[in-house]
Amino acid sequence: KLQFLYLIAGERGSYTMGSSGSKLPKEVLDSFEALDADGNGKVEIRELQDAMLQVYPKYGVEPYEIADLSCLILRAADDDDSGSISKEEFAQNHQLQELVKEKLALDNAMRADLQKAKASAAPISTADADKVKTIFAKYDKDKSNSLDAAELKTIIYDVCHRAVTSQESRLILEEMDKDKSGHLSLDEVLEWWPAVTGFLTNNSKVPKK
């Protein structure tokens with residue numbers, strides 16, 4: 001475990017910018033965008049922690065260690081001391097790129113598991129539909145008649161008793177979001193509720209709260 005922590009905090013040199021500021025390879029940019037969840041052109045500590053919470057437990061890293069470890073990794077990669085990781089800094093850090101590869105593999109596995117759960121789930125019962133309508137109204141904090149990823153994450157935690165990261169809740173929302181609006185309507189939640197609750201309950205990879 002100590003060797004692993006040393007490697008992820010310090011290994012560099014995956015890609016070196018030329019003196020003229022060479023264009024970054026597409027695969028590096030794609031990896032960066034997968035980590036840059038809010039799309040603002042830089043990876044911040046919360047985004048780094050979300051990815052680490054998905055990937056690093058299999059290496060024996062406990063969730064309570066993630067905060068300190070993410071700070072170490074950010075400082076190691078943040079050459080200009082901006083407090084975030086730029087595309088160029090990301091391109092020079094091999095371990096961050098490996099983190100994204102593992103994260104994307106886990107994301108794809110979760111998508112596949114969700115689709116399997118959807119295919120095998122029974123239609124929602126009238127009683128469960130009434131419960132979902134009550135839950136939807138309660139957690140639609142901004143009264144927009146839709147749920148965003150943050151509201152969905154809270155439902156998963158409070159109602160399903162599972163702890164997912166912000167990026168995982170966005171992934172689940174993307175699968176449920178039939179019209180690709182970026183939000184969930186009540187109809188979309190009703191359609192997916194049996195599958196999502198079944199997936200969360202039966203998937204041992206999703207930790208209990």
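This is a predicted model: local features need pLDDT of at least 70, side-chain atom pairs count only at pLDDT 80 or more; totals for chains, interfaces and linings use all residues.

Trainee: Why does K26 count as exposed?

Mentor: Exposed requires over 50% relative accessible area; K26 stands at 60%, so K26 is exposed.

Trainee: What makes D30 partly exposed?

Mentor: The value for D30 is 36%.

Trainee: Why is the contact between K26 and D30 called a salt bridge?

Mentor: The closest N and O atoms of K26 and D30 are 2.7 Å apart. The cut-off is within 4 Å, so the pair qualifies. Both residues lie in helix α2, four residues apart, which is about one turn of the helix.

Trainee: How do you know that E174 and R111 form a salt bridge?

Mentor: Their closest N and O atoms are 3.4 Å apart, and this is within 4 Å, so the term applies. This pair links distant parts of the chain, with E174 in helix α9 and R111 in helix α6, 63 residues apart. R111 and E174 are also linked with E175 in a network of salt bridges.

Trainee: What makes E191 and K118 a salt bridge?

Mentor: The closest N and O atoms of E191 and K118 are 3.3 Å apart, so this pair also meets the 4 Å limit. E191 in helix α10 and K118 in helix α6 are 73 residues apart.

Trainee: How many salt bridges does the structure hold?

Mentor: The structure holds seven.

Key:
Residues are numbered from 1 along each chain as its sequence is written. Side-chain values use heavy atoms; hydrogens and water are left out. A salt bridge is a side-chain nitrogen of Lys or Arg within 4 Å of a carboxyl oxygen of Asp or Glu. Helices (H or I, at least four residues) and strands (E, at least two) are DSSP runs, numbered from the N terminus. Buried means under 20% relative accessible area, exposed over 50%, partly exposed in between (1.4 Å probe, protein chains only).
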